[in-house]
Amino acid sequence: MTRRSLEIGMAAGAAAFLIAVPWLIPALTDHFWVSVITEILIWSLFAASANLLFGYVGLLSFGQALYFGFGMYGVALGIDHFGLSFWPAFGLGITSAMAMALVSGVFAVRLSWHYFAIITVVFSLIFYFLAVSMKPLTGGDDGINFSLPPVFRMGRTVFSLTDPTFQYFFVLVVVSLCFFLMYRLINSPLGKGFLAIRDNDLRASLIGLNVYVLRLIAFVMAGFLAGVSGALFAFFGRYASASYMFYQVSGEAVVWTIVGGAGTMFGPLVGTTLFIVIREIVSSHWEHHSLIVGLLAILAVIFAPKGIVGLWNGWMIRLDERDAATSAPPRLTLQAKP
Amino acid sequence: MRDTVLLLAMNGLIWGLIIALIALGLSVIFGLLDIINIAHGDFFMVGTVLAWFSLSATGNFWIGFIVAPLIGFIIGAIIQRLVIQPIHGVAALSIVATFGLSLILQETVRITFGATPRRILAPIQGTVPLFGVEYEIYRLFAAAVSLAALAAFFLFLQHTKLGIWMRAVRHDRETAVAMGIPAQRVYVLTFGVGFALAAFGGAVAAPITTVDFRGGVDVLPFCFMAVIIGGLGNLPGTVAAAVLLAFLEGMIQSVADPTVARISSLVLMSAVLLLRPQGLFKGLAK
């Protein structure tokens, strides 16, 4: 089997599985796992925002939770405070996350490497502490609850996220759309510019790319992805809390991305799935599940420094080479001649 | 009013000296191994817990001053060998690995020590009048011990073989290896020393703060601030920045709540990062 057909088969299988989840999972196990998979989809989008910056532009952001939090609070305050309906609140969440990303990005992307990682965490800490101290507005660590407005009406039927199946498909569609947008972005000329900066920012600037502007665009786009995931998570949990803006949340996105495979499209999805599934399985049997999560993170970087998807790609390349070696020996001998 | 300002300023100053010890450990690890150590706050926390265990096992608080850095050194050396060495100083991987370490340390402490925060009674009770306020003797003592430890560390760095090796490897690894310095062993020992400094800070701070498995979470950003504001790799700068930051936070706390104090030092740090990324004291050091 060639690499391409294997990968297409796997992608088709994964897509079929994701579409069948609301019927397949309750038949196989518990309905609870549908909501776990919904959560995985949301968090993998969050991890994708860290991946866009680190894996494709080479900027290690440790503060993506800030934009996640803005997406979350945009939705929660929009509904609870301003009485917005579903879509305007969703829009408010996303735009406030992007606006915040633009404002902090203007400063942050001037720096690189260690300094960038640290200034992003500093910015997110500033707003975390602000959110904690502005308790009347944000509810602090306890957060604010709100009740869900309907998504849309069609005739007399009301579609609302209170229906778990509808909620699942809503999240699936939004997350898939975002991943598709990211895929298109990475394969566009702009995306090639990102890769050039990741590989060598000096060389990129010498061939005429505006490194600062490109980094800023990537930063705002990552803010968009984090904002969408935060808004979705607010809808999913029907609440927003400052605790989701803490640096440890940002750290998890980085860990999921790197363990899954940074700089690959599906690495964040794989990493997030792995960690959340383990958390859900182990935590119901054993209180100290973070011990396993910690151990796994360490083992992953030691034995699969390119992440799980990177490991897979390595195997596939070796498979290709073996195929090429067995199927086309004459070409090889031809090449051997000077 | 004047009394509270003075009290909080003093508290800040002393806390800054303890933080300086911890941040120094972070700075040494950062500078020499190029490791962004997310678990450093937990190294401090392990120190407080070791102090608690040695106190409850022996009934003598002072043994913790020896036990905590010693065990910290050993754990640190083992961690370097098992976890840090295989990732070859790739900073991105170091974040994931130390994140994992942080989870493991916190969870191990939660299993063995328990999830409820505890307090250690200060081994020296009583207060002394100082500038018109009654001040706890133990805090003054903690400041003196921290100062002595800081001085000892700088002497160690300047005058012992290992200290010179550490500086040499940091300065130019290739040449150091060519001159016969066992760089690999220096890395192991450096990580041990970094852990020991944080654990010693933990033992000193244990009677001042609470002993809690999440005790390192708040300390970590503070240490990073000190390292950055002081300038990466500028060890005296790190110490100065730690003291300055904690003192400022103490002063601001006397007029506003602690969160505002924390926010203002974070804003200060952003300004330093953007305007003087080499640290506040660049040019002042030799």
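This is a predicted model: local features need pLDDT of at least 70, side-chain atom pairs count only at pLDDT 80 or more; totals for chains, interfaces and linings use all residues.
Colleague: Which residues of H11(A) and H4(B) meet, and how do they divide by class?

Modeller: On the H11(A) side, the residues are A:Gln248, A:Gly251, A:Glu252, A:Val254, A:Val255, A:Ile258 and A:Val259. Their partners in H4(B) are B:Ala92, B:Leu93, B:Ile95, B:Val96, B:Phe99 and B:Gln106. By class, this contact of H11(A) with H4(B) has nine nonpolar, three polar and one charged residues.

Colleague: What makes H2(B) oblique to H9(B)?

Modeller: Helix H2 (residues 40-58) and helix H9 (residues 216-230), both of chain B, pack at an angle of about 130°, and their axes are 7 Å apart. Since roughly antiparallel would require an angle over 145 degrees, H2(B) is oblique to H9(B). H2(B) passes H9(B) in a right-handed crossing. In this contact, B:His40, B:Gly41, B:Asp42, B:Phe44 and B:Met45 of H2(B) meet B:Gly216, B:Val219 and B:Leu220 of H9(B). These residues divide into four nonpolar, three polar and one charged.

Colleague: How do you know that the span of H4(A) is close to the expected one?

Modeller: Helix H4 (residues 86-108) of chain A has 23 residues. The buried residues of H4(A) include A:Phe86, A:Phe90, A:Ile94 and A:Met100. Among the elements covering the buried residues are helices H3 (64-80), H5 (114-133), H7 (164-186) and H10 (211-237) of chain A.

Colleague: Why is A:Phe68 called buried?

Modeller: A:Phe68 lies in helix H3 of chain A. Buried means under 20% relative accessible area, and A:Phe68, at 0%, is therefore buried. Leaving aside neighbours within four places in sequence, A:Phe68 is in contact with A:Trp43, A:Phe46, A:Ala226, A:Ser229, A:Gly230, A:Phe233 and A:Tyr244. The C-alpha atoms of A:Phe68 and A:Val249 are separated by 9.4 Å, although these residues are 181 apart along the chain.

Colleague: What makes B:Arg262 count as buried?

Modeller: B:Arg262, found in helix H11 (residues 258-275) of chain B, has a relative accessibility of 15%. The limit for buried is under 20%, so B:Arg262 counts as buried. Not counting residues up to four places away in sequence, B:Arg262 touches A:Phe129 of chain A, together with B:Asp218, B:Phe222, B:Met225 and B:Glu249.

Colleague: Why are A:Arg238 and B:Asp34 called partly exposed?

Modeller: Partly exposed lies between the 20% limit for buried and the 50% limit for exposed. A:Arg238 has 23% relative accessibility and therefore counts as partly exposed. B:Asp34 has a relative accessible area of 32%, so B:Asp34 is also partly exposed. A:Arg238 lies in the loop between H10 and strand E4 (239-240) of chain A, while B:Asp34 is in the loop between helix H1 (2-33) and H2 of chain B.

Colleague: What is the phi of A:Arg238 and of B:Asp34?

Modeller: Phi is near 60° in A:Arg238 and near 60° in B:Asp34. Most residues other than glycine have a negative phi.

Terms used
Residues are numbered from 1 along each chain as its sequence is written. Chains are lettered from A and ligands numbered from 1 in the order in which they are written. Side-chain values use heavy atoms; hydrogens and water are left out. Contact means heavy atoms within 4.5 Å. Helices (H or I, at least four residues) and strands (E, at least two) are DSSP runs, numbered from the N terminus. Ala, Val, Leu, Ile, Met, Phe, Trp, Tyr, Cys and Pro count as nonpolar, Asp, Glu, Lys and Arg as charged, and the others, Gly among them, as polar. The expected span of a helix is 1.5 Å times one less than its number of residues. Buried means under 20% relative accessible area, exposed over 50%, partly exposed in between (1.4 Å probe, protein chains only). Axes are lines fitted to C-alpha atoms, for helices over the stretch in contact, and angles run from 0 to 180 degrees between N-to-C directions. Angles under 35 degrees count as roughly parallel, over 145 as roughly antiparallel, 65 to 115 as roughly perpendicular and the rest as oblique. A crossing is left-handed if the near helix is turned anticlockwise from the far one by less than a right angle, and right-handed if clockwise.
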